[in-house]
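Please keep the model open while reading.

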Amino acid sequence: MSMEKISLITTGGTIASKETTNGMLASGALSGQELASTCELPNDIELKVVDLFQISSMSMSFGKMEQLNLAIQKELEDPEVTGIVVTHGTDTLEETAYFLDITNKDQRPIVVTGSQRSPKEVGTDVYSNLRNSILCAASDLLKDVGVVVVFNERIYSAKYVKKVHASNLQGFESFGYGYLGIIDNDVVSIYQKPLHREYYETHNRIPRVDIIKCHTGADGIFIESAVKIGAKGIVLEGVGRGQVTPEMVQSIQDAIDQGITIVMTTSAEEGKVYPAYDYEGSAFDLKQRGVILGADYDSKKARIKLAVVLASENAVDETFFKY
């Protein structure tokens, strides 16, 4: 029987939490070995545990994502490693997963997972999510698929997955695109795969990129503040096909004139930003001014991609948001 070798890299989160004296949860209190010991893995899987961070997911940053990436690359230097599992807090899990997706080119599976409930809560999803993730990391079906998120027996592509419920065990979805496959009774099944994989090598420090949300009555104050504080990129979360208020337009133009890269996304769950209307603040108007239309990217994923592409020394244009 051949042995599958999986590296489990832990970063903290609810999946590794313990109850405190006041009844709250301390994220990342458990070690990876403590988690792994409860999974009852098949005999043909060898698990190596790497305790990287013990933090809440809101403490994750680009710097820590890069440290995580280095830890993954170190594990992948071993040709016998079949795949990688990363445990992570759920609040920013989708951001880290997508960062890893576009900064790794290895064909071996990289799986990111977490949990909605702590290890000692009734009905916890810690052990099923972790066990299923390890099974996926050991599966040939997930080779060259890119980074995936495994949650509640479902397998999601990192690009489109997002946290959709604050507490329910079905905490993640990919609206409009669905999941790639499932894990049922320890059997991994894949029904669809992404057509494209992207890889960017960062040459410079990842710059500050801010997200600014549009709403009725919004003006340019947050755009001006982002520019003043040194943001190199701004992601606008517009509405519908990619519209903002007329009161934001001058600040957007001023930012572009100062060399700030601006990408337009939509707050709608499905559909692409597209120049369908011609008025001040429309996607058409903003595109003429130099705003990049971000297709169907949500604002968080667009921020990750924009920051990584800027650090890769590429000239950013709409082609980077085509896939």
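This is a predicted model: local features need pLDDT of at least 70, side-chain atom pairs count only at pLDDT 80 or more; totals for chains, interfaces and linings use all residues.

How much space lies in the second largest pocket?

1. **Second largest pocket.** About 370 Å³ of space lies in this pocket. Its lining is made up of 20 residues. Nearest the centre are Lys162, Ala268, Glu269, Tyr297 and Asp298. Two elements, β9 (162–163) and α8 (299–311), each give two or more residues to the lining. By class, the lining has 11 charged residues, five nonpolar and four polar.

2. **Largest pocket.** The space here is about 540 Å³. Of the 26 residues lining the largest pocket, Ser157, Lys159, Tyr160, Pro194 and Leu195 are the closest to its centre. Helix α3 (residues 93–102) provides the largest share of the lining, with three residues. The classes here are 12 nonpolar, eight charged and six polar residues.

3. Two packed helices are described by the angle between their axes and the distance between the axes. Here the axes of α3 and α8 come within 9 Å. They cross at roughly 35 degrees. The crossing of α3 past α8 is right-handed.

4. **Residues in that contact.** Which residues of α3 meet α8? They are Glu94, Glu95, Tyr98, Phe99 and Ile102. On the α8 side, the partners are Lys300, Lys301, Arg303, Ile304, Lys305 and Val308. By class, the contact has six charged and five nonpolar residues, with no polar ones.

5. **Salt bridges.** How many salt bridges does a search of the whole structure find? The count is 16. Take lysine 5 and aspartate 78 as a case to look at: they form a salt bridge, and their closest N and O atoms are 2.7 Å apart. This pair links distant parts of the chain, 73 residues apart. Lysine 5 sits in strand β1 (residues 4–12). Aspartate 78 is in the loop between α2 (62–76) and β5 (81–87).

6. Rolling a probe the size of a water molecule over the atoms shows where empty space is left. The structure holds one cavity of 30 Å³ or more. The largest cavity has a volume of about 40 Å³. Which residues line the largest cavity? The lining comprises Asp106, Gln107, Arg108, Pro109, Ile110, Leu142, Asp144, Val145, Gly146, Val147 and Arg197. By class, five of these are nonpolar, four charged and two polar.

How values were computed
Residues are numbered from 1 along each chain as its sequence is written. Side-chain values use heavy atoms; hydrogens and water are left out. On a 1 Å grid over the protein atoms alone, a cavity is a set of points where a 1.4 Å probe fits but cannot get out, and a pocket is an open set with protein on both sides within 12 Å along at least five of seven lines; lining residues have an atom within 4 Å of a point. Grid points are joined across faces, edges and corners, and a volume is the space filled by probe spheres set on the points. Helices (H or I, at least four residues) and strands (E, at least two) are DSSP runs, numbered from the N terminus. Ala, Val, Leu, Ile, Met, Phe, Trp, Tyr, Cys and Pro count as nonpolar, Asp, Glu, Lys and Arg as charged, and the others, Gly among them, as polar. Axes are lines fitted to C-alpha atoms, for helices over the stretch in contact, and angles run from 0 to 180 degrees between N-to-C directions. A crossing is left-handed if the near helix is turned anticlockwise from the far one by less than a right angle, and right-handed if clockwise. Contact means heavy atoms within 4.5 Å. A salt bridge is a side-chain nitrogen of Lys or Arg within 4 Å of a carboxyl oxygen of Asp or Glu.
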